Amino acid sequence: MLSPLKRRELIKSGAVAVGSGALLAGCLGDEGGAVGEGSLTVRQTYDFVNLDPVHQENVTDRQICANIFAPLVGYEIGTTEPSSERSLADDWEFNEDGTELTLTLKEGIQFHDGYGELTTTDVEYHFDRILEGSPRAVELNQLNYETLEVEDDYTCTMVFEEPALAVEHQLGTPLGMIPPADAVDDIGENEFASNPVGAGAFEFVEHVPDERTELEAYDDYHVEGLPEADELTFRPIPEDATAASSFDAGEIAVFQVNSSDRLAALEDRDDVKITRTAGLITRFAGFNCQIEPFDDVRVRQALNYAANTQAIREELYPGMAEAPASFTAPDVDYNTDDVPTYEYNPDRAIELLEEAGYGDGFEFTWMVPRVGRFSEPAEVLQSNFLEIGVEANLEIRDSGTYTETIITGTDHDVPMFIHSLSQTPAPDIFLANAFHSENVPPDGGNYWYYDNEDVDTWLEEATTTVDEEERAELFGNIQHAVNEDPPGIWIDHEQFVFAMQDHVSGFEADPQRRMEFERSAFEE
Amino acid sequence: MKTRNTFYDVVDKRFLLGLYRRINSVVKDVMRTRKGRFGLVTIVLVTAIAILAPVLAPYDPASQNLTARLTSPNTTYLLGTDSYGRDILSRIIYGFRISLLIGVVSVGVGVAIGTIMGTVSGYYGGWVDEIIGRLIDIMLAFPFLLLALIIVAVLGPSITNMMIAVGISAAPQFARLARGDALTASEKEFVTAADSIGRSHFSIIVEHIIPNIFTSVVVMATLYMGRAIIISAALSFLGLGVQPPTPSLGLILADGRDFIALAPWITIAPGLAIVLVVLGFNLLGDALNDALDPELQTGDKLQ
């Protein structure tokens, strides 16, 4: 067991030497701005954490990964429709029970840096690495197959114990993005995180921490004639206002617009193109259902009645926020409107508080990340709560601290939080992750420590059933239940809006917030 | 045997009368210069606004009116509204309150800690001076803002912690000043005399040393009010100080930063307010320094 590790260490030191050589070469090349010949500079909010598809950490990581790696099952850009053209797999098919998924790889797909052709060996190696991770996390992603039957270099079958239809959608995420097995071995697991090698449209060139991540076009990309651009650079700019002025100065060509005030100003301009789509996402304020007084469903309902989420949508984010009924976004499969909702009604809220024995109100601490799209609604809700005598003391933390506390579950005593949940077209995985009582942090995403026996049962049944009608009914029940016994306040389904310089073409806003640039180009 | 003078004996009528005369003459001296007049009037005005905030503010500084967000200055909202539709004027009026409170409390903390450290160090000398002196040097090695940032990051962001952090960060400056003055004073004859008639170290420090370092500490405290307000605005701007929706000048500034191109009034007004308060304190401190420093006074007359 020790020897391969040692070998890796040795190779790693070699890789560092090679890496610094590349760095030097990078310095000699000319600097490309947004307005260059076929070079595209894009804003990312933060610098990436890890570009190893097995260790995806955040949205930025996934957005950059999607340009370096090609997924087993790709989507048509800007849609949730699988596209065989953009997929590494020529074909993917479930058996009738939904327990076996057979993947047929395209032949002749070449990895970057001369790592050779993609075969089932690479796929197997990649899945093995995922399965080595935390068992709970593997289970959550439903990649816990029994066996992987490798037929030949291009065909393999994942065999599951129970039906696992949602896995198809996992193959479009970084979990389905296959790196060359040899490269991970050569470069070493840790180094690979910042020196990724894939089979995507762009090759990794250089990363200057907190400054830029440079990619260049990969000539042997498997989709004929793509990518359009020669270079792709991601620049981390945490501040929205700074990003906007960089955009005005022409330093970046594309950025996501998070404020409707800014959007209104951009929409008035002729030299700016806007692309937008309804996001598969829900923004919500969440309660920790185990902590008093939020362990009482009446208190949670009361705060739902007290929350004027309509004002948040219409005044803070006009044209960028869709009203939520169910927790799932409207375009998620089995989404239903047949759920109880909470119209703004402070009187009803006070009644419920009195019933629950909190007629005099109460005080609690609310942890909020220092990110406008969360701190803004939080401040409005804070003033809504005050109207019914509930005092929320905001603790605004930088997003690193916030994430560590809430998501990794190091502190279970946070009574309230606020964030958003990105969703996939199939609701199986994200719903189970968010609401099943066993999926509490740090492995799971049940940050509200929600514990509802019915929901647990329905989730288990729904995710292992292939019958469409039955699935629709079960997922309907779940959506109904989490609204009736709400662990949070659903604020909205965000629209993803991107602004681009008018000479940029071929980029489209994506419902899953992907940023794929292989068709993007400059039209001079 | 001996009649011990307590601290309360010192504060007798004669002392109070003397103090009044002294203040009166200092105020007169301060008012003679242009910067002194500006500083004093500004600070008195800002203090009056802060005290009368509930009367003066046209709106509740925390109440939101989402339908009137980002309104530019008009007759309803004299300085416009912020991104939650809160009245900026009201927020600034209350912001003065928070800023002055922070200034007074944190400088108070700094003066208390610093004066004790410095006086003890300067009076006793020897190894006590060595230890405290090195401690002061270590603290002085960190820039003011950085030290405050570190302390508040450790304690966690809140208004109380911020005042403690700013106070502790200012303390070494006061300690250095007090140490020097205490060192000089401790060599004076009246200290030797008090020591020779058997007065305790504590009463010598309280009765003889502290009154002698008092003026320089007051001048520096005034100057540090301005710095403390700036640092606390910076910390609030970074989100480590006052938490929303409490109106603090730094926080209003931070709220406005995302809208600086669309709604510049959100940042301009609190920015000017900070400049005004800080300038007021700095000019007042400067004028006080001139008024209290005998050497500079002659210099003034020569001009």
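Start by selecting β13(A) and β18(A): these two strands run antiparallel and are joined by 4 bridges. Keep in mind as you look that this is a predicted model. To see one of the pairings up close, pick Gly286(A), whose bridge partner in β18(A) is Gly488(A).

Because 7 of the 7 residues of β13(A) are buried, the strand is largely enclosed by the rest of the structure.

Centre the view on Leu88(A) and look for what surrounds it beyond its neighbours within four places in sequence: its contacts include Ala70(A), Leu72(A), Leu105(A), Ile109(A) and Ile178(A).

Then move to α11 (309–316) of chain A. Its buried residues are Thr309(A), Ile312(A), Arg313(A), Glu315(A) and Leu316(A). An α-helix has 3.6 residues a turn, so residues three or four places apart point the same way. Among the elements covering the buried residues of α11(A) are β14 (321–322), α13 and β18 (488–501) of chain A.

Zoom out to take in the whole of chain A. How many helices and strands does chain A have? There are 17 helices and 20 strands. Its radius of gyration is 24 Å, close to the 24 Å that the globule rule gives for 524 residues, so chain A is as compact as a globular protein of that length. Along the principal axes, the C-alpha atoms of chain A fill a box of roughly 70 × 55 × 40 Å. Of its 524 residues, 48% count as buried. Of the contacts in chain A between residues at least 6 apart in sequence, 71% join residues at least 24 apart.

Bring chain B into view and look where the chains meet. There, 18 residues of chain A are in contact with 16 residues of chain B. On the side of chain A that touches chain B, two or more residues each come from α8 (240–248), α9 (260–267), α11, α13 (372–387) and β16 (391–397) of chain A. The most come from α13(A), which gives 5 residues. By type, that side of chain A divides into 7 nonpolar, 4 polar and 7 charged residues. For the complex, the predictor gives an ipTM of 0.73 and a pTM of 0.80.

Finish by colouring chain B by confidence. Its mean pLDDT is 85, and 93% of its residues reach 70 or more. Confidence in chain B is highest in helix α3 (residues 34–51), at a mean of 92, and lowest in helix α13 (residues 294–302), at 47. Over residues 297–303 of chain B the pLDDT is below 50, and this stretch has 2 contacts in the model beyond near neighbours in sequence. Where pLDDT is low, the predicted coordinates should not be read in detail.

Terms used:
Residues numbered from 1 in each chain as written. Chains lettered and ligands numbered in written order. Predicted model: local features only at pLDDT ≥ 70, side-chain atom pairs only at ≥ 80, totals over all residues. Contact = placed C-beta atoms within 7 Å. Nonpolar A, V, L, I, M, F, W, Y, C, P; charged D, E, K, R; others polar. Buried ≥ 20, exposed ≤ 12 C-beta atoms within 10 Å, placed from the backbone. Pairing = 2+ DSSP bridges. pLDDT = per-residue confidence, 0-100. Rg over C-alpha atoms; globule rule 2.2 N^0.38 Å.
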